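Welcome! Take a look at the sequence and the model first, then read on.

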Amino acid sequence: MNMLKVFTTGRDRPVTATAADVDRQFHLHRRNVIVVITLCYGLGYVCRLALNVVKKPLMDAGIFTPEQLGIIGSALLYGYAVGKFTNGFLADHAHVGRFFAAGLFLSALANFGMGFSDLLWVSALLWGLNGWFQGFGAPSSVVSLAHWYSNHERGRYYGIWSTAHSIGEGLTYLGVAFLIAAAPKGLGLDWHWGFWVPAVICVLAAALVLRYLPDRPQAQGLPSVANWRGDHGALAQAAAHGDSVWRTQLRILAMPSIWILALASSSMYVTRYAINSWGNVYLQEIRGFDLFDANLFIFLNTAAGILGCVAYGFVSDKWFDARRPPANLLFGLMELLPLVVIFWGPNEPVVLAAALVVYGFGLSGILASLGGLFAIDIAPKRVAGAAMGFIGIFSYLGAGLQDYISGKLISDSELVLRFPHGDLESRVYFYDYSVPILFWVGASVFSLVLAASLWRVRATD
């Protein structure tokens with residue numbers, strides 16, 4: 001019980017500081033919050049995506065088949081879906097710095113274990129636990145944003161934090177892929193480094209979060225951010241119901257718009273994780289690129305995603321008066337149309353690179369909305385973690401289902417060519433991606449249709 005209390009948010013403390021000191025502390029903590037949650041959530045991503053980089057080496061070494069890798073990948077996503085949901089509810093009650101740091105450290109341990117495992121059930125168990133541990137990060141970050149930034153700052157700062165996804169993906173697909181490609185080849189450790197290096201990075205990120213991410217303002221002896229900035233819309237709306245935090249969390253389950261948003265996000269996550277999980281394999285198997293070049297192409301879409309997140313916050317706030325649906329349509333089309341070029345266009349590196357840049361820009365923008373921002377707009381603000389968690393479980397159930405279905409569809413298309421060499425036999429494996437591609441693109445179309453049905457929904461502020 002005492003250990004659980006370590007993770008509990010502190011009690012409200014009376015405000016005794018002078019107005020100048022309150023301003024100074026708010027400015028310091030707000031700077032730390034946005035820097036730490038963006039940087040460390042991005043660093044934590046490398047422990048989530050490590051398997052994606054080493055899929056091809058694992059397949060080439062005969063350790064796992066595509067279907068088995070789909071099972072392992074799905075274990076993480078299912079674990080993350082459940083973890084993000086339950087941890088979303090818990091984060092509303094937690095000291096987010098300690099809560100987030102614990103998740104990062106445990107994720108690092110799971111990655112260390114993956115570097116030693118070549119058994120399907122062990123790897124699936126470790127990767128599923130890793131998904132659970134990764135589910136500490138997003139709710140903690142969103143709760144921090146809700147406590148330290150007022151309602152009318154939401155789009156801008158949420159957009160900045162959302163760049164963490166692209167930062168983490170870029171570090172994984174470029175940095176970790178480079179380390180694997182540069183690792184000594186005679187030692188049999190090439191794919192192992194793909195797990196061990198991210199584990200070290202996650203340990204460092206956990207230390208930064210534990211040191212610099214603060215508890216909520218009232219537990220620091222500060223006023224709420226609504227009082228400090230004179231923005232009482234969300235506070236008044238939540239208080240008007242007179243409900244406890246737990247009861248308010250349950251109220252979001254009765255909102256039809258939240259359910260539609262969750263399904264739209266789930267469908268878009270099918271495409272997102274299809275590209276993340278299988279895009280580099282597709283570029284190697286079908287387009288003929290080597291491991292590093294394929295991951296460099298995936299890096300381009302993640303780098304563009306950094307701009308897409310920030311641009312979405314600006315466009316939806318400034319161009320559409322904080323209305324998310326019009327911006328969703330705009331960025332959704334920028335995500336969908338390049339997929340036609342990526343999968344059915346010419347095999348020209350420049351064309352593929354341009355399509356991946358536009359795709360990454362549009363995808364990151366619309367996911368900033370469907371994956372959390374829109375939900376926080378339309379849900380009571382004091383239960384931001386629960387709103388994020390509810391969207392999250394749908395999103396990652398969709399992503400997990402995608403990983404298994406994609407792996408199964410790819411495995412079912414397997415063609416093996418055998419070349420006898422005396423008493424030995426060499427085998428070359430070929431896979432057809434035409435059916436999985438229809439599945440991935442169709443999910444994006446369905447997501448846009450669902451998102452468009454929320455055209456008249458506005459924020460509750």
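In what follows, Ala, Val, Leu, Ile, Met, Phe, Trp, Tyr, Cys and Pro count as nonpolar, Asp, Glu, Lys and Arg as charged, and the others, Gly among them, as polar. Please keep in mind that this is a predicted model. The tour starts with confidence, then turns to the cavities and the nonpolar core.

**How confident is the prediction?**

- The chain has a mean pLDDT of 81, with 87% of its residues at 70 or more.
- Helix α4 (residues 96–114) has the highest confidence in the chain, at 95, while helix α10 (residues 233–239) has the lowest, at a mean of 43.
- Residues 234–242 have a pLDDT below 50, and beyond near neighbours in sequence this stretch makes 10 contacts in the model.
- Where pLDDT is low, the predicted coordinates should not be read in detail.

**The largest cavity**

- There are five cavities of 30 Å³ or more, and the largest holds about 230 Å³ of space.
- Its lining is made up of 25 residues, and those nearest the centre are S162, H165, R272, S364 and L367.
- Two or more lining residues come from each of α7 (154–182), α12 (256–285), α13 (291–319), α15 (349–378) and α16 (384–412).
- Helix α15 gives the largest share of this lining, with eight residues.

- About 70 Å³ of space lies in the second largest cavity.
- Among the residues that line the second largest cavity are R48, N52, W127, Y273 and D403.
- Helices α2 (19–60), α3 (66–91) and α12 each give at least two residues to this lining, and α2 has the largest share, with four.
- Here the lining of the second largest cavity divides into six nonpolar, three polar and two charged residues.

**The nonpolar core**

- The largest nonpolar core counts 128 residues, and Y158, W161, F343 and Y396 have the most contacts inside it.
- Helix α2 is the biggest contributor to this core, giving 18 residues.
- Which residues does W161 touch, leaving aside its neighbours within four places in sequence? They are I34, I37, T38, Y41, A138, S141, V142, L145 and M388.

Terms used: Residues numbered from 1 in each chain as written. Predicted model: local features only at pLDDT ≥ 70, side-chain atom pairs only at ≥ 80, totals over all residues. Heavy atoms only, no water. 1 Å grid on protein atoms, 1.4 Å probe; cavity = no way out; pocket = protein on both sides within 12 Å on 5 of 7 lines; lining within 4 Å. Points joined across faces, edges and corners; volume = space filled by probe spheres on them. pLDDT = per-residue confidence, 0-100. Contact = heavy atoms within 4.5 Å. Core = buried A, V, L, I, M, F, W, Y, C linked by side-chain atoms within 4.5 Å. Buried < 20%, exposed > 50% of the residue type's maximum accessible area, 1.4 Å probe, protein only.
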